[in-house]
Structure formats: structure tokens, C-alpha cells
Amino acid sequence: MIGILGGTFDPIHHGHLRCAQELLQDLPLDEVRLVPCRIPPHRDTPHASVEQRLRMLKAALYGAPALLVDDRELLREGPSYTVDTLHSLRAELGATSLCLIVGMDAFNGLDGWHRWQELIGLAHIVVAHRPGWIPPQTGAVAELLNRHAAQSSTELRAKPAGRILPWSITALDISASAIRAQVAAGKSPRFLVPEAVARIIAAEGLYAAMT
């Protein structure tokens, strides 16, 4: 069973990594693939280059063999749509159980994603949320959750796709935008990102010139 965690990772930080690690061991997953996007459809263009973000990811995951970098979106032209990535993974991995990991905010806005109705047929959806999260009560996403809700992680391993599992993770209030703002203000990102990532940010002057 493979977890898929996408994002700009601009930069990768301990919030991303702790989420991946907890789901890896708790569901459990055989591996988690972190998939950096090339062109985010719903966000501004990343501040760091493709090469810099990939370098930071590889540095952050060094020594964690079950957390892998999957660069397929960086190699694909155009917007990085999750549905295209899942189609690509499904063609490559066959009937392997795939778990798309999304945060609670992303899940609540899932009906705004490109071809979002196809996602549940390609993968399970694991909603990584903080304690106290209230799922959507009305609308298309609430209906999707009601139809496909799983009661336990064992349901995910039994089929390749089709279930939605909310899963509580440790609440780490860390955001990439806040890290970029701190660096731009001349502050250190130490302890918000892995030490190897902090070194890359310092050595390459990343985010320092942001306005």
C-alpha cells in the first residue's frame, strides 16, 4: 500500500515530514511518495526553482528509505493535476492500493480540483487532519465522504481505490509561506525544516530577496 503526498514543497518542512512518517507507520503504508508539483493549479508559482525544490526534498528524505521522491510532475509539461499523476501511477503500479494523502483544507475544497470526480476511482483518499476537525456536512464533498467513508485502514489494503479515511495526525502549525516570510525577514528557519534543508536555503540565498 503506497501513500502519495503532493505539494509545492517550497520548502519541504517538518509538518510535511511528520505527516508522511505518521501515516507510514500508523496505517501502515509500505512507502510514501512525495510528489513535488511543477506548476500548481491553485497556488502562485513556487519561489524556488524546480531544481532547488527537488534538491531540498532529496536532502530532507536522506536516511528515510520508505519516504521517496517521485518527480513525475516535474517532468510533465503544463499544470500539475493530481488526476493525471494518479492515472500515471495506476498505469505503472497496476492494482496496488494507492492512498492519496490530503490535508483537511484541501479535502474540503476537493470539488474545485480538476476532474475531481475521477480521484476516488484511482486511489483511496486519506484526510490527514488535526484533532477536533469537523468534516464537511453539506455539499458535493460531504456526499462523497458519506458514500465512500472507511471505518479502518484495513479497508484500504483490501482494495486498490475507492475509500476515504480521515486520520488524525500530530498538529504542527508550520507553513511554507511562514518559513519564506521568516527567511525574507532575516530570521533562521532552523527547527522548522531539516538541518540539511536549512543549509541549502542559506547557501543558495533562497527566499531572502522576497518582497
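# Close-up views of a predicted model

**View 1. Glu195 and Arg190 form a salt bridge.** Their side chains meet with N and O 3.4 Å apart; a salt bridge here is a side-chain nitrogen of Lys or Arg within 4 Å of a carboxyl oxygen of Asp or Glu. Glu195 is partly exposed, at 38% relative accessible area, and Arg190 is partly exposed at 48%. Buried stands for under 20% relative accessible area, exposed for over 50%, and partly exposed for what lies in between, with a 1.4 Å probe and protein chains only. The model is predicted, so local features need pLDDT of at least 70 and side-chain atom pairs count only at pLDDT 80 or more, while totals for chains, interfaces and linings use all residues. Residues are numbered from 1 along each chain as its sequence is written, and side-chain values use heavy atoms, with hydrogens and water left out.

**View 2. Arg18 and Glu22 pair within helix α1.** The two residues are four apart, about one turn of the helix. Helices (H or I, at least four residues) and strands (E, at least two) are DSSP runs, numbered from the N terminus. The closest N and O atoms of this salt bridge are 2.9 Å apart. Arg18 is partly exposed at 35% relative accessibility, whereas Glu22 is buried at 5%.

**View 3. Asp173 and Arg130 form a salt bridge between two loops.** The N to O distance is 3.8 Å. Asp173 lies in the loop between β6 (164-168) and α8, and Arg130 in the loop between β5 and α6 (140-148), so the pair ties together parts that are 43 residues apart in sequence. Asp173 is exposed, with 73% relative accessible area; Arg130 is partly exposed, with 35%. The salt bridge count comes to 14. Elsewhere, Glu31, Arg33, Asp70, Arg72 and Glu92 are linked in a salt-bridge network.

**View 4. Arg90 is buried and has no salt bridge.** Arg90 is part of helix α3 (residues 82-93). The nearest side chain of opposite charge is that of Glu92, 11 Å away; Lys and Arg count as positive and Asp and Glu as negative, with His and the chain ends not counted. The Arg90 side chain reaches the backbone oxygen of Gly94 at 2.6 Å. Leaving out residues up to four places away in sequence, Arg90 touches Ala95, Thr96, Leu98, Leu122, Ala123, Pro160 and Ala161. Contact means heavy atoms within 4.5 Å.

**View 5. The largest nonpolar core has 37 residues.** A nonpolar core is a set of buried Ala, Val, Leu, Ile, Met, Phe, Trp, Tyr and Cys residues joined through side-chain atoms within 4.5 Å. Ile12, Leu23, Leu29, Val32, Leu34, Met56 and Ile101 have the most contacts inside this core. At least two core residues come from each of α1 (14-26), β2 (31-36), α2 (50-61), β4 (98-103), β5 (124-129), α8 (176-184) and α9 (195-203). Helix α1 gives the largest share, five residues. A second, separate core of 24 residues includes Trp113, Leu122, Val141 and Leu144.

**View 6. Leu29 and its contacts.** Apart from neighbours within four places in sequence, Leu29 is in contact with Met1, Ile2, Gly3, Leu23, Leu24, Cys99 and Ile101. Among these, Leu23 and Ile101 are listed with Leu29 as having the most contacts inside the largest core.

**View 7. Cys19 and Cys99 are in no disulfide.** A disulfide is a pair of cysteine sulfur atoms within 2.5 Å, and the count for this model is zero. For Cys19, the nearest cysteine sulfur is that of Cys99, 12 Å away. Cys19 is buried at 9% relative accessibility, and Cys99 is buried at 0%.

**View 8. Pro194 lies in the loop between α8 and α9.** At 12% relative accessibility, this proline is buried. Pro194 and Pro28 are 166 residues apart along the chain, and their C-alpha atoms are separated by 24 Å.

**View 9. Thr8 lies in the loop between β1 (2-7) and α1.** Thr8 is buried, at 10% relative accessibility. Not counting residues up to four places away in sequence, Thr8 is in contact with Cys37, Pro40, Arg43, Pro46 and Arg53.

Methods. Polar contact = N/O pair within 3.5 Å; in protein donor to acceptor, adjacent residues only side chain to side chain.
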